Amino acid sequence: MEQKKTEAIILRTKDLGESDLIVTFFSSIYGNLKGVAKGALRSSKRFVNSLSTFSLVDVEFRERSSGDLVLLESCELLDGFPGIRSDYNLLLRASYMVEMTEILFPSNVPSSEMFQLLRWALGSISNQQNADESMISFQARAMKIGGFGINLSTCSRCGRQYKGEGRALFHPPSGSIVCLGCEKESIVTPGIEPDTIHALHRLQSSERPLSNRLECSDNVVRELKAVLTSHIEHCLGKRLKSAKYLYPVGCQ
Ligand SMILES: [Zn+2]
């Protein structure tokens with residue numbers, strides 16, 4: 001089988017016997033793959049210091065004639081994002097990002113845009129630059145790339161166009177805004193300010209560069225967190241495992 005090479009981020013590793021490692025990685029070209037790194041648990045020059053979770057690597061692999069696992073030939077570390085390991089809250093955020101990537105992009109669904117987003121987000125929190133706001137940017141953009149962007153242009157009930165002015169509501173079951181004429185504000189349909197809708201629009205737009213500075217008021221940041229958390233749980237049909245640990249420590 002032909003040897004392939006791609007940049008990738010290590011999502012998970014698991015011991016296999018005494019010397020091998022099963023490695024799950026999200027690659028720039030081929031999406032989510034799982035492979036065997038033979039001899040990685042012994043000292044191996046082919047994988048030196050490169051197979052840690054969250055690391056950005058250059059990986060060479062071959063597909064095998066049978067089974068789902070590819071065979072890792074070599075792996076070179078490009079960036080280990082060491083800042084992530086220095087802080088438990090950053091580790092939780094990175095785990096959340098990895099979990100969301102795996103759910104949105106299971107095996108055989110490549111997305112170089114998602115790879116670039118994950119790479120940016122891990123780098124951003126590793127540098128400890130506004131981790132909270134990096135997380136919001138990641139969540140909004142990841143959902144959009146995964147095909148779950150929030151509809152911000154029309155009320156999902158009456159179809160009325162949102163003209164960018166006035167308070168609206170977020171309706172999680174439809175992943176959309178609704179107008180105040182169609183629904184009442186409540187815990188399940190929280191109100192959102194125009195600034196929050198504009199901010200979400202910017203975050204979802206792939207033409208806008210990613211930023212760890214949202215330049216929004218505290219209230220907008222609070223509303224963005226509430227909308228995105230609710231939207232993600234509704235779309236993915238569950239609360240992410242890592243989210244259980246994130247919420248109690250007030251990261252979201
Ligand atoms: Zn309406």
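I call a residue buried under 20% relative accessible area, exposed over 50% and partly exposed in between (1.4 Å probe, protein chains only). This is a predicted model: local features need pLDDT of at least 70, side-chain atom pairs count only at pLDDT 80 or more, and totals for chains, interfaces and linings use all residues. Residues are numbered from 1 along each chain as its sequence is written, and side-chain values use heavy atoms, with hydrogens and water left out.

**Helix H4.** I looked up helix H4, residues 194-204. Helices (H or I, at least four residues) and strands (E, at least two) are DSSP runs, numbered from the N terminus. Buried here are Pro194, Thr196, Ile197, Ala199, Leu200, Leu203 and Gln204. They pack against H3, E6, E7, E8 and helix H5 (218-236), where contact means heavy atoms within 4.5 Å.

**Zinc site.** Next I checked the zinc ion. Its protein donors (N, O and S atoms within 2.8 Å of the metal, 3.2 Å for Na, K and Ca; water is not among the atoms, so sites may look incomplete) are the SG atoms of Cys155, Cys158, Cys179 and Cys182, at 2.3 to 2.4 Å. The spacing along the chain reads C-x2-C-x20-C-x2-C. Cys155 sits in the loop between helix H3 (131-145) and strand E6 (168-171), and Cys179 in the loop between strand E7 (176-178) and strand E8 (191-192), 24 residues apart. Cys155 counts as buried because its relative accessible area is 5%. Cys179 is buried too, at 13%.

**Tyr88.** Last, I turned to helix H1 (residues 88-104), where Tyr88 lies. Tyr88 is exposed, because its relative accessible area is 53%.
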